[in-house]
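Welcome, and thanks for taking a look at this one. Here is a short briefing to read alongside the structure.

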Amino acid sequence: MTAPIQFGLDRLLEDAALRRPLAGRRVALLAHPASVTRALVHSLDALAALPDLRLAAAFGPQHGLRGDKQDNMVESPDYADPQHRIPVFSLYGDVRRPTDAMMDSFDVLLVDLQDLGCRIYTFITTLRYVLEAAAAHGKAVWVLDRPNPVGRPVEGLRLQSSWESFVGAGPLPMRHGLTMGELARWFIATLKLDVDCDVVAMQGWAPEAAPGYGWPLGERSWINPSPNAPNLSMARAYAGTVMLEGTTLSEGRGTTRPLELFGAPDLDARALLAAMRALAPDWLGGCVLRECWFEPTFHKHAGKLCSGLQIHVEDPAHYGHDAFRPWRLQALAFKALRLLRPDYPLWRDFAYEYEHDRLAIDLINGSELLREWVDDPVASPADLDALARPDEAAWLQEREPFLLYR
């Protein structure tokens with residue numbers, strides 16, 4: 001029988017020798033609501049209880065250290081933790097990068113963030129920003145590693161030069177297949193950072209093992225790392241469904257299955273699915289698409305009955321880990337809609353993550369290429385493959401030196 005998986009936090013809490021280099025140093029923690037122990041104790045509380053560790057400050061990324069800010073661009077303030085009596089600094093409030101004063105509050109920053117394995121998930125960007133700040137201020141960073149819940153598969157166009165933003169920290173494909181610890185190693189090498197960074201690696205993580213294929217199903221409870229990330233099914237679909245944020249279609253916010261379904265009041269989901277199957281049936285593998293109806297209670301199309309499709313990836317009889325390609329699936333839905341209704345107002349023009357001059361769909365994809373492919377009436381699925389496959393192959397090769405788990 002295999003030993004239970006240990007996350008980086010578990011190892012740090014259980015091994016006093018591992019913590020010994022922290023003795024006498026001021027320690028800060030960057031964490032969110034899913035930063036918990038196996039017993040579901042928040043990492044801030046678990047670390048504060050250690051007699052040999054001096055906790056001096058804490059940081060919260062988007063959505064906050066403990067609480068959940070429901071939507072994007074809903075900021076969190078700085079505050080004093082009433083129990084531990086330390087400052088809690090927001091990296092999604094007045095600033096996105098830690099200030100000099102924030103950096104002066106600690107000697108070593110522990111990063112304990114559960115990621116979703118998708119480039120646009122902003123915890124990746126926050127990781128980059130704190131590594132850069134640590135390099136500039138001579139501070140140390142320890143990444144307490146956690147699983148990439150969607151495992152190793154790679155998919156999507158890489159972010160292009162000049163398209164970096166808070167939802168695009170670097171030239172990664174949409175689905176990158178790395179853990180936060182591995183991403184830290186890649187950032188340091190790519191950005192040529194001179195920073196003291198250690199990764200407290202997991203023990204026993206098997207990224208390609210069924211049934212979780214990245215997430216240790218049966219061993220660990222799923223805690224939402226952000227308010228609309230309620231389960232593994234969402235995480236699996238997210239590299240595709242996140243693109244819905246740049247469209248007028250509902251991504252299911254305001255329902256109990258956000259970012260697993262999509263639709264609109266004026267959508268004909270049955271006709272859309274038929275068009276998707278006709279265009280590129282092989283892009284629909286590894287999942288089941290079900291026609292459904294839903295009424296969001298808030299966000300896009302609130303209070304209106306929407307016709308849509310739900311992506312089902314939880315049944316082992318239907319989920320194919322290597323066959324499921326969420327980015328292509330969602331791109332195909334856009335393409336099919338554009339062919340069915342050429343004048344459909346698909347792209348949502350609004351301020352997305354504080355960017356006002358570029359369309360959200362382009363920021364999400366890291367270039368204009370996806371949108372241009374959708375809008376080109378003669379562009380085929382093979383044309384998008386021709387754009388994406390070289391990026392995916394190059395990334396598979398580039399990431400190899402940074403893998404910590406085989």
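Which residues of H6 are buried? They are Met180, Gly181, Glu182, Leu183, Ala184, Trp186, Phe187 and Ile188. Please keep in mind that this is a predicted model. The points below start with that helix, then turn to the cores and the pocket.

**Helix H6**
- Helix H6 covers residues 180-191, 12 residues in all.
- From its first C-alpha to its last, H6 reaches 16 Å, close to the 16 Å expected at 1.5 Å a residue.

**Nonpolar cores**
- The largest nonpolar core holds 105 residues, and Met276 and Phe334 have the most contacts inside it.
- Helix H9 (residues 326-340) gives the most to this core, contributing eight residues.
- Another core lies apart from it, with 23 residues, including Leu47, Leu65, Ala140 and Leu144.
- Beyond its neighbours within four places in sequence, Met276 is in contact with Pro281, Leu284, Leu289, Leu309, Leu329, Leu332, Ala333 and Ala336.

**Largest pocket**
- The largest pocket holds about 200 Å³ of space.
- It is lined by 15 residues, and those closest to its centre are Gly204, Ala206, Ala209, Pro216 and Glu219.
- Sorted by class, the lining has 10 nonpolar, four polar and one charged residues.

Key. Residues are numbered from 1 along each chain as its sequence is written. This is a predicted model: local features need pLDDT of at least 70, side-chain atom pairs count only at pLDDT 80 or more; totals for chains, interfaces and linings use all residues. Side-chain values use heavy atoms; hydrogens and water are left out. On a 1 Å grid over the protein atoms alone, a cavity is a set of points where a 1.4 Å probe fits but cannot get out, and a pocket is an open set with protein on both sides within 12 Å along at least five of seven lines; lining residues have an atom within 4 Å of a point. Grid points are joined across faces, edges and corners, and a volume is the space filled by probe spheres set on the points. Ala, Val, Leu, Ile, Met, Phe, Trp, Tyr, Cys and Pro count as nonpolar, Asp, Glu, Lys and Arg as charged, and the others, Gly among them, as polar. A nonpolar core is a set of buried Ala, Val, Leu, Ile, Met, Phe, Trp, Tyr and Cys residues joined through side-chain atoms within 4.5 Å. Buried means under 20% relative accessible area, exposed over 50%, partly exposed in between (1.4 Å probe, protein chains only). Helices (H or I, at least four residues) and strands (E, at least two) are DSSP runs, numbered from the N terminus. Contact means heavy atoms within 4.5 Å. The expected span of a helix is 1.5 Å times one less than its number of residues.
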